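Dear colleague,

I am passing on the structure that we spoke about, so that you have it to hand before reading my notes. Please look at it first, and then go on to what I found in it.

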Amino acid sequence: MPKRTVRRTYRISKYIIYKETFVDYKEYFWSFVGAFIGIGLIAWVQSQFLPELETIFLIGSFGASSVLIYGAINSPMAQPRNLIGGHLISAVIGVTIGKFMPDIIWLTAPLAVATSIIAMQFTKTLHPPGGATALIAIIGNTKISELGYGYVLSPVLAGTLILFVTALVFNNLTKHRKYPASSKRRFLTRLLRK
């Protein structure tokens, strides 16, 4: 019996270690291309339509979202509901808290992040970069604070939609990568092919 347990543990360990360390260069390639194009499109919009000194369209939380939606596409936190919902909910919370307590950063920053986490958990839209989106609403430059709730629409919603559409295209170009990772995927894939 112990010999059997040892063999089984060895097989499971070998599978987990092998699976986790397996290098699939095609996956890396598509992750790179998707992230490059997604962030590149946001940066292009920033450079074409906004003055050079105002970098308010390209926010840091989009980089973290790119890791999930291009590099870990099967993660529950990378799915469209989480990507879009997590950013929007967090942006609204960050702006709201920033408006009610604008000069108390030691309280507003942690309150915005903690409240956005709870709100994402309740709405089943947990997306870790959403915490950064809420924090950016609090600690961002004066241009971001001047946007008020406009921050929710642009840069957050507009940028998130750019990342999402790019993820739909590049994560579905090969038969090995499918995004989103649900039954709704078939519907979205058919919609894109029409």
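Thr166 is buried in this predicted model, because its relative accessible area is 5% and the cut-off for buried is under 20%. The residue sits in helix H8, which covers residues 150-170, and, once its neighbours within four places in sequence are set aside, Thr166 is in contact with Gly34, Ile37, Gly38, Leu41, Tyr70 and Asn171.

I then turned to the aromatic rings, for which a search of the whole structure gives 6 aromatic pairs. One of them is formed by Phe32 and Phe36, whose rings are stacked, with 5.8 Å from centre to centre and 20° between the planes. Both residues belong to helix H2 (residues 25-49), where they are 4 residues apart and therefore separated by about one helical turn; Phe32 is exposed, as is Phe36.

Trp44 and Phe49 also form an aromatic pair, this one edge-to-face, with a centre-to-centre distance of 5.9 Å and an angle of 90° between the planes. Trp44 counts as partly exposed, since its relative accessible area is 47%, whereas Phe49, with a relative accessible area of 60%, is exposed, because the cut-off for that class is over 50%.

Methods:
Residues numbered from 1 in each chain as written. Predicted model: local features only at pLDDT ≥ 70, side-chain atom pairs only at ≥ 80, totals over all residues. Heavy atoms only, no water. Helix = DSSP H or I, 4+ residues; strand = E, 2+ residues; numbered from the N terminus. Buried < 20%, exposed > 50% of the residue type's maximum accessible area, 1.4 Å probe, protein only. Contact = heavy atoms within 4.5 Å. Phe/Tyr/Trp six-rings, centres within 6.5 Å; stacked < 30°, edge-to-face > 60°.
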